[in-house]
Amino acid sequence: MVDQSEKTAPLLHVKDLVTAFDTEGGQIKAVDGVSFSLQPGRTLGIVGESGCGKTVTALSIINLLPKPTADILEGEIWFEGEDLASAPIERLHDIRGERIGMIFQEPMTALNPVHRVGRQIMETLKLHRDISDADALRATISMLEKVGIPSPEVRVSEYPHQLSGGMRQRVMIAMALICDPSLVIADEPTTALDVTIQAQILELLQDMQNKLNTSVIMITHDLGVIAETCDDVLVMYAGRVAEQGSVDDVFNNPMHPYTQGLLSSIPRLNSPRKTKLPTIEGMVPSLTDMPTGCRFNNRCPYADELCVSSYPQLDGEDGFHQAACHHWRKIDAQLHSGTTS
Ligand SMILES: Nc1ncnc2c1ncn2[C@@H]1O[C@H](COP(=O)(O)OP(=O)(O)OP(=O)(O)O)[C@@H](O)[C@H]1O
Ligand SMILES: [Mg+2]
């Protein structure tokens with residue numbers, strides 16, 4: 001995704017990424033030809049239904065795919081001038097935690113339960129920096145304070161189970177940011193938290209991002225989170241990109257019928273009470289049994305023979321807001337003239 005208005009080189013450019021799993025039923029391509037770019041300092045949201053390939057895309061960037069079942073089959077992942085898709089694993093060890101920080105949905109699985117939280121953050125720092133224990137401890141306490149942990153000099157010696165879910169997520173954020181990375185990948189960072197804590201964590205992430213000028217990939221199935229925190233958005237469907245663009249463009253003028261369906265299924269405060277929310281009919285196709293042509297064709301009200309016979313490439317009025325739909329022009333014209341059939 002290259003914004004025509006942005007002249008700077010992207011921090012991250014993923015090109016034609018294909019990542020597959022070997023399963024008993026054969027090889028499945030969980031990510032199948034995904035491309036996008038992320039400019040320095042910006043936040044890119046990746047949204048889509050469960051199983052559409054959001055996490056596999058993120059894990060491919062840092063090569064944390066489950067081995068030996070998963071592998072990158074094709075594509076390039078350009079980050080700060082090098083192709084991570086072909087970089088040796090030792091290089092990825094250097095980059096992970098140093099240049100790219102990660103925040104996962106469930107901090108209890110990412111944090112080691114038998115080690116004090118401070119030690120875990122210090123270890124990340126010491127792995128990548130030539131720094132004394134005393135300085136690492138000072139930097140860790142200071143980072144815990146920045147992410148809003150009260151009494152950080154006490155909390156630094158506690159174990160993960162002694163902290164609340166929200167506090168654990170703050171520790172994950174501290175760990176992701178301790179080496180001042182240029183990119184943070186946050187995979188459903190607030191899904192496991194209750195809504196008030198969710199809002200605080202998102203605000204904290206944005207605040208830290210603004211201070212440090214970090215780029216963020218925000219993975220979520222929640223369009224509200226995208227609207228509040230992201231500049232740009234990638235809508236994924238069944239392992240491919242259905243639509244991409246700035247959040248303003250995609251939310252105000254969705255081009256792909258899938259995005260249109262997603263947006264119309266969000267509850268609105270001014271909807272008449274007890275009205276049934278529209279939903280997208282049908283099911284996401286299984287990766288082992290993909291339809292030919294457009295992967296959304298079995299659920300799409302506009303689908304015709306073309307949609308069954310050939311896969312649509314991303315297309316649009318400009319190079320940035322684009323949708324993979326053969327009929328986006330026709331649909332757009334219909335929507336703006338008020339007819340939908
Ligand atoms: N270890 C695995 N073995 C086989 N297939 C897998 C494995 N992990 C993921 N997949 C498949 O890859 C596809 C993409 O999974 P992924 O975890 O990226 O989805 P997601 O968009 O992150 O979904 P969610 O919103 O539920 O987190 C899914 O269809 C899933 O079945
Ligand atoms: Mg996921």
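The side chain of Arg96 reaches the backbone oxygen of Ile62 at 2.8 Å, a polar contact (a pair of N or O atoms within 3.5 Å; within protein, one able to donate a hydrogen and the other to accept it, with residues adjacent in sequence counted only if both atoms are side-chain atoms). This is a predicted model, in which local features need pLDDT of at least 70 and side-chain atom pairs pLDDT 80 or more, while totals for chains, interfaces and linings use all residues. Residues are numbered from 1 along each chain as its sequence is written, ligands are numbered from 1 in the order in which they are written, and side-chain values use heavy atoms, without hydrogens and water.

Arg96 sits in the loop between helix 2 (89-95) and strand 6 (100-103). Arg96 is buried, that is, under 20% relative accessible area (1.4 Å probe, protein chains only). Arg96 has no salt bridge (a side-chain nitrogen of Lys or Arg within 4 Å of a carboxyl oxygen of Asp or Glu). Asp94, the nearest side chain of opposite charge, is 9.7 Å away.

Ligand 1 is surrounded by 13 residues, each with a heavy atom within 4 Å of the ligand. Gly51 and Val56 are among the closest.

Helix 1 (54-61), strand 1 (12-23) and strand 2 (26-38) each supply at least two shell residues, and helix 1 gives the most, with three.

Terms used: Helices (H or I, at least four residues) and strands (E, at least two) are DSSP runs, numbered from the N terminus. Buried means under 20% relative accessible area, exposed over 50%, partly exposed in between (1.4 Å probe, protein chains only). Lys and Arg count as positive and Asp and Glu as negative; His and the chain ends are not counted.
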